[in-house]
Amino acid sequence: MANEAAAAAEATPTPAPDASEEAAEDTGDQPKKDVPITTKLTAKTLPRMGQVVVDQDGWVLYRFDKDTANPPASNCEGKCEQVWPPAYTDDGKPELSGVDEDKVGVITRADGTKQLTIGNWAVYRYIGDKKPGQWKGQGVGGTWFVVTPAGQRNVTCLPTGTPKAVEPPSDDAAAGGDDKGDAGTGDSGGYSY
C-alpha cells in the first residue's frame with residue numbers, strides 16, 4: 001500500500017497545475033490592443049464644477065459634442081484621440097460608484113477597440129489635465145464638456161471665452177493637419193501650464 005500511495009503522489013505532481021494557472025493569468029489579463037483600460041467610473045462632486053464622473057485614478061471624464069448619442073458613436077480620431085484619450089474598456093463592465101448601470105454602455109471604435117459611454121455619449125480623458133480632479137478641458141473648442149453621471153454636459157462652471165486644446169504629444173503635431181474632431185486646429189503651442 002505504501003508503494004501505491006507513492007505512485008499516486010508521483011502521478012499528480014503539483015508544479016504542473018501551478019504553471020498552467022500562471023500562464024493563464026499572464027495571458028488572460030492582457031487587452032487585445034495596448035491601451036489603458038478604464039476599470040471604474042465614480043460620480044463625484046468637485047468644488048465650483050459640481051457633479052462629474054472620474055475614472056479609477058480620479059481623472060475627470062469628458063464628452064464631445066461632435067460625437068453622436070443616437071446611435072452612440074465617437075468622432076474623435078487621430079490627433080483628437082491623442083489629446084482626448086478614450087475611456088477604453090475590455091469587457092464593458094467597469095466598477096460603478098454613483099453612476100447608474102443603465103447609463104453605461106460600450107461602442108466599438110473604428111480601430112476595433114471598445115470605448116465606454118455614459119448616457120450614450122462616448123467618454124474621454126484630457127491630456128491637458130495635469131493631475132486627477134482637474135477639469136481644464138471644460139469648454140475646449142466649444143465642444144468638450146465635463147460629463148455628468150447621467151451623460152449630460154455639465155455647464156455649471158464654464159470658462160470665459162473658448163479655450164483651445166493642448167497640442168498632441170506626438171512629433172506630427174507641428175505638421176498641422178486637421179484630423180476629424182481636432183478641437184485645437186491651427187493652434188501651435190497651446191500649452192498654458
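Which residue does a disulfide join to Cys76? I looked this up in a predicted model, where local features need pLDDT of at least 70, side-chain atom pairs count only at pLDDT 80 or more, and totals for chains, interfaces and linings use all residues. Residues are numbered from 1 along each chain as its sequence is written, and side-chain values use heavy atoms, with hydrogens and water left out.

**Entry on cysteines**

I found that the partner of Cys76 is Cys80, with an S to S distance of 2.0 Å. I took a disulfide to be a pair of cysteine sulfur atoms within 2.5 Å, and by this rule I counted one disulfide. I noted as background that a disulfide is a covalent bond between the sulfur atoms of two cysteines. The torsion about the S-S bond of Cys76 and Cys80 is about -110 degrees, so I wrote this disulfide down as left-handed.

I then looked up burial, where buried means under 20% relative accessible area, exposed over 50%, and partly exposed in between (1.4 Å probe, protein chains only). Cys76 and Cys80 are both buried, and Cys157 counts as buried because its relative accessibility is 17%.

**Entry on a sheet**

I used strands as DSSP runs (E, at least two residues), numbered from the N terminus, and two strands pair if DSSP finds at least two bridges between them. In which order do the three strands of the open sheet lie? I read the order as β2-β1-β7, with mixed pairing. The edge strands, β2 (50-54) and β7 (95-97), each pair on one side only. Strand β1 (residues 40-46) pairs with β2 in the antiparallel sense over five bridges, and I saw that Leu46 stands opposite Gly50 in β2.

Methods. Helices (H or I, at least four residues) and strands (E, at least two) are DSSP runs, numbered from the N terminus.
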